[in-house]
Amino acid sequence: MYKDVSSCSTFNYGDALYWDARYVKEAASFDWYQRYSSLRPFVRRYVPTSSRVLMIGCGNALMSEDMVKDGYEDIMNIDISSVAIAMMKKKYEYIPQLKYMQMDVRDMSFFPEESFDSIIDKGTLDSLMCGNDAQISAAQMLREVSRLLKPGGTYMLITYGDPTARMVHLSQPVYNWKIVLYVIPRPGFERRAGSSSAHSFLEPVPVTEKGLLPADFVLEDPDCHFIYVCTKMVKPQGSIPYQPTN
């Protein structure tokens, strides 16, 4: 019923060479999926302005800049593309709240455990799900995300992937995440005249015990975006320590 993007094209979106070539050709700033103005209600609800934020797969988007304008004080931006990072470092060299580093989200061992209060992902998991070895890449990235989050911290995932495609990855017990789901329309979407839907896009979507959308839930916009807010809970006593993968 709902789509995934696991076979969206023949490009390997997990390959740095692909993104380097793309950013050489497309140097103008571009925000995937949503601009900060649309995401602001969710970010401000779950991410205090004093948080140390990690923006993964930052590309050349304006989102981090917009967050600084909105009062955020410390945003580390990473991307697999050295071209994008060089471009953004130069652009924001005089804004101390913004830092940029070339890095693969599947191996963020440069950062120690529990380094960040919040991690924001706008399309990066989707990119890995479109690349080679998608399942392995997704697991590697999410393990790193979980490792870097402080207890009580949040991983905010903005994605095209509906719960049937994403909850199987996000709900792994090793992460110990409490997950809240929102559904927001694509930019420019307008409800049909006379629509009887009373659901506000700013309200969490009720899900089943398995974390899926109820059978009677209607997606007003078939090209909507899903926001998963994953809060890292305190590990129960006696839990097995995290073991990094090779």
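Start with helix α6: select residues 134–148. This helix has 15 residues. From its first C-alpha to its last, α6 reaches 21 Å, close to the 21 Å expected at 1.5 Å a residue. Keep in mind that this is a predicted model.

Stay on α6 and colour its buried residues. They are A134, S137, A138, M141, L142, E144, V145, S146, R147 and L148. An α-helix has 3.6 residues a turn, so residues three or four places apart point the same way.

Now zoom out to the whole protein chain. From the N terminus on, they run α-α-β-α-β-α-β-β-α-α-β-α-β-β. Of the 246 residues, 47% are buried.

Next, show the strands. An open sheet is formed by 7 strands, in the order β3-β2-β1-β4-β5-β7-β6, with mixed pairing. Select 98–102 and 177–184: these are β3 and β6, at the edges. Each has a single partner strand, so one side of each is left without a neighbour in the sheet. Neighbouring strands of this sheet are turned by 15° against each other on average, direction ignored.

Which strand is joined to β5 by 6 bridges? Select residues 225–232 to see it: β7, running antiparallel to β5 (residues 149–159). Click T159, then F226, its bridge partner in β7.

Finish with two helices that pack on the sheet. Helix α2 (residues 36–46) touches β4 (116–122), β5, β6 and β7. Its direction makes about 160° with that of β6. Helix α7 (residues 163–170) touches β5, β6 and β7. The direction of α7 makes about 15° with that of β7.

Notes: Residues numbered from 1 in each chain as written. Predicted model: local features only at pLDDT ≥ 70, side-chain atom pairs only at ≥ 80, totals over all residues. Heavy atoms only, no water. Helix = DSSP H or I, 4+ residues; strand = E, 2+ residues; numbered from the N terminus. Expected span 1.5 Å × (residues − 1). Buried < 20%, exposed > 50% of the residue type's maximum accessible area, 1.4 Å probe, protein only. Pairing = 2+ DSSP bridges. Axes fitted to C-alpha atoms, helices over the stretch in contact; angles between N-to-C directions. Contact = heavy atoms within 4.5 Å.
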